[in-house]
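Good morning, and thank you for coming. I would like to take a few minutes to go through one model with you.

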Amino acid sequence: MALSFSLYVVMTRSLRTETWHANLFYSALGVFLALSPLMPQVWVTPSVHDVMVMLGVGVLGFGVLFAIDRLAVAAPVSVSAPVFALQVVFTIGIALALGHNHPTLRTALGLLVICMSAFYVWCRGSSFDSKVPA
C-alpha cells in the first residue's frame, strides 16, 4: 500500500502542469483500467445501503485526491510527504473520538514522529520563504 501511494504521489507531481480536472481523470482512468478486468469474477450487486456507502467513499475520496493534487503542485514531494502522513494522525483522532481505538505507546510514539516531521518541514519551509528575495 505504501509503495502504491508513493507511486501515486510521484505521478501526481509529474502531472502538476496539467489542470486538476485532467489529473483526477488520469488517476481514475488508471484505477479503472487496472481493476476492470477483475470485476466480472468478483461482482456482487450492491444493496441501497452499499450504494450510499460507496457514494460517501467516492465523495470523500475525491476530496482527498483533490487535496493531494493541490499539495503535489504546491511543493516538491520531499517537502509535502510529511504533510501526507498527517492523514494517519487525523484517522486515529477520528477513531479515538468515536471510541474505536485504544492507542498503545507504540501508536503514540508513531504519531509523535509524524507530527514532529510535519512541523520540521513546515518550519524549514518558513525559513526558506524568508530567505528568498522579493
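What volume does the largest pocket have? Please bear in mind that this is a predicted model. The computed volume of the largest pocket is about 620 Å³. Its lining consists of 20 residues, and those closest to the centre are Leu-24, Ser-27, Ala-28, Val-31 and Leu-65.

Which helices supply the lining? At least two residues each come from α1, spanning 2-14, from α2 and from α4. Helix α2 provides the largest share, with 9 residues. In terms of class, the lining of the largest pocket holds 14 nonpolar and 6 polar residues, and no charged ones.

Let me turn to the packing of two of these helices. Helix α2, residues 20-35, packs with helix α4, residues 48-74, at an angle of about 120°, and their axes are 10 Å apart. Because of that angle, α2 is oblique to α4. The two helices cross in a right-handed sense.

Which residues make this contact? From α2 they are Trp-20, Asn-23 and Leu-24, and from α4 they are Phe-62, Leu-65, Phe-66, Asp-69 and Arg-70. Sorted by class, the contact between α2 and α4 comprises 5 nonpolar residues, 1 polar residue and 2 charged residues.

Finally, I would draw attention to Leu-24 and Leu-65: both take part in the helix contact, and both are listed among the residues closest to the centre of the largest pocket.

Methods: Residues numbered from 1 in each chain as written. Predicted model: local features only at pLDDT ≥ 70, side-chain atom pairs only at ≥ 80, totals over all residues. Heavy atoms only, no water. Axes fitted to C-alpha atoms, helices over the stretch in contact; angles between N-to-C directions. Helix = DSSP H or I, 4+ residues; strand = E, 2+ residues; numbered from the N terminus. Parallel < 35°, antiparallel > 145°, perpendicular 65-115°, else oblique. Left-handed = near helix turned anticlockwise from the far one by under 90°. Contact = heavy atoms within 4.5 Å. Nonpolar A, V, L, I, M, F, W, Y, C, P; charged D, E, K, R; others polar. 1 Å grid on protein atoms, 1.4 Å probe; cavity = no way out; pocket = protein on both sides within 12 Å on 5 of 7 lines; lining within 4 Å. Points joined across faces, edges and corners; volume = space filled by probe spheres on them.
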